[in-house]
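Me: I would like to learn how to read salt bridges in a structure. Please take me through a case.

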Amino acid sequence: MIGVNEIDPADNYVFITGMDNDYSTLASRRVQANAIFLDGTMDTITIDAVNSKNLESAWTDGNNATINSWFTYTVNSSDVYTVSLVNSPIGSGSAGQYRTGATYDEKIDDENIDLPGDDRTGNPYDYVYGNDDSVYLTVSIREIQTADNVKARVIDDVESVTVGVDNTSIEVYDQADAVANVDTPLSSTLTVSGESYGVYTLYDDDAYVIAAVVVGDDGGTSSNYVYVHSKDNSVVESYDKTTELWTWTREGPGQRPGGRAEEVNDVEMSYLEDMDQYKWYRVTYNAAGEVKNVTSFQNTVGTLLAGDNALMDSDFTDWYGRCYIQQPSASGPCGYHRHHRGSRSLR
């Protein structure tokens, strides 16, 4: 007999972003799922599809790559999870969930504490409210190919975790904003089946926000465009046995000339090591100034990836264009002497 850990499902919630199977095979097997926990941990978990409840109801858009739903859970001693879909709308349950619509792009902060909880007119949960205990998880998205000529925009990483609406400042991405800010965009000729955008709110029967997964821009994180001059052998790697964390530093990409970038994680894989000399990148940093994500802006020197032109505006184009197109080398005008729109040169 497999033991079950003593975890009350009413107090334990997990956000499932996607699963590895279509529902036709769920009833006879365990499945792998991508999960986000309330502390911001993102992990792959194993779900008992036989005893879990309402998994099929989460296939709202017919795509298992974008489940994007809240569940309660228990977990046994073999780390197999049994989950149950949280009600939407709340009904007579102790918790409910709601996803904002395609055009919702409001801000979440201490002056904007309410979120939609139910789209039925006059319902007591039409709005729910953040408090000191509400957890806000800001996430990024990327495109993956799910079938021949088909792609999905999936949640791929937790950028930040904030507890308390008074400590929160997040610009929500509606559907159009999410598309414009997607990491690693695939060919526009692929058909989109499954999207991630807006706010996925979990709330209790007192109309308070328990947690919200937000596709958006957290004021506690920042992005910069950088041009890499340094070689990858300039990266220094270290490991702390006490914290079990890896740290990488790379000379050059600091907040000013002669500075450096730092990356910390527990998986022994580094974005900084993978950045090629003489190429442009968009680098995202967390509130501590550590590298969280890196997205390439070109596949070959002087060749923009599809869609990158849309990221240029009048305040950035001239400097970007001159450095990027005319300077695919270690010398020349592409330096730190111009600082438009958060751009940097990685020497």
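Me: Which kind of contact do the side chains of Glu143 and Lys151 make?

Reply: A salt bridge pairs a side-chain nitrogen of Lys or Arg with a carboxyl oxygen of Asp or Glu within 4 Å. In this predicted model, the side chains of Glu143 and Lys151 form such a contact, with 3.1 Å from N to O.

Me: Are Glu143 and Lys151 buried or exposed?

Reply: Buried means under 20% relative accessible area. Both Glu143 and Lys151 are buried; for Glu143 the relative accessible area is 4%.

Me: With which residue does Arg153 form a salt bridge?

Reply: Arg153 pairs with Glu143, and their closest N and O atoms are 2.8 Å apart. Arg153 counts as buried because its relative accessibility is 10%.

Me: Which residues are linked in a network of salt bridges?

Reply: The network consists of Glu143, Lys151, Arg153 and Glu195.

Me: How many salt bridges does a search of the whole structure find?

Reply: The search finds six. One of them joins the side chains of Asp156 and Arg142, at 3.7 Å from N to O. Asp156 is in strand E11 (residues 150-163) and Arg142 in strand E10 (residues 135-147), 14 residues apart.

Me: How do Asp156 and Arg142 count in terms of accessibility?

Reply: Asp156 has 25% relative accessibility, so it counts as partly exposed. Arg142, at 34%, also counts as partly exposed.

Note on methods
Residues numbered from 1 in each chain as written. Predicted model: local features only at pLDDT ≥ 70, side-chain atom pairs only at ≥ 80, totals over all residues. Heavy atoms only, no water. Helix = DSSP H or I, 4+ residues; strand = E, 2+ residues; numbered from the N terminus. Buried < 20%, exposed > 50% of the residue type's maximum accessible area, 1.4 Å probe, protein only.
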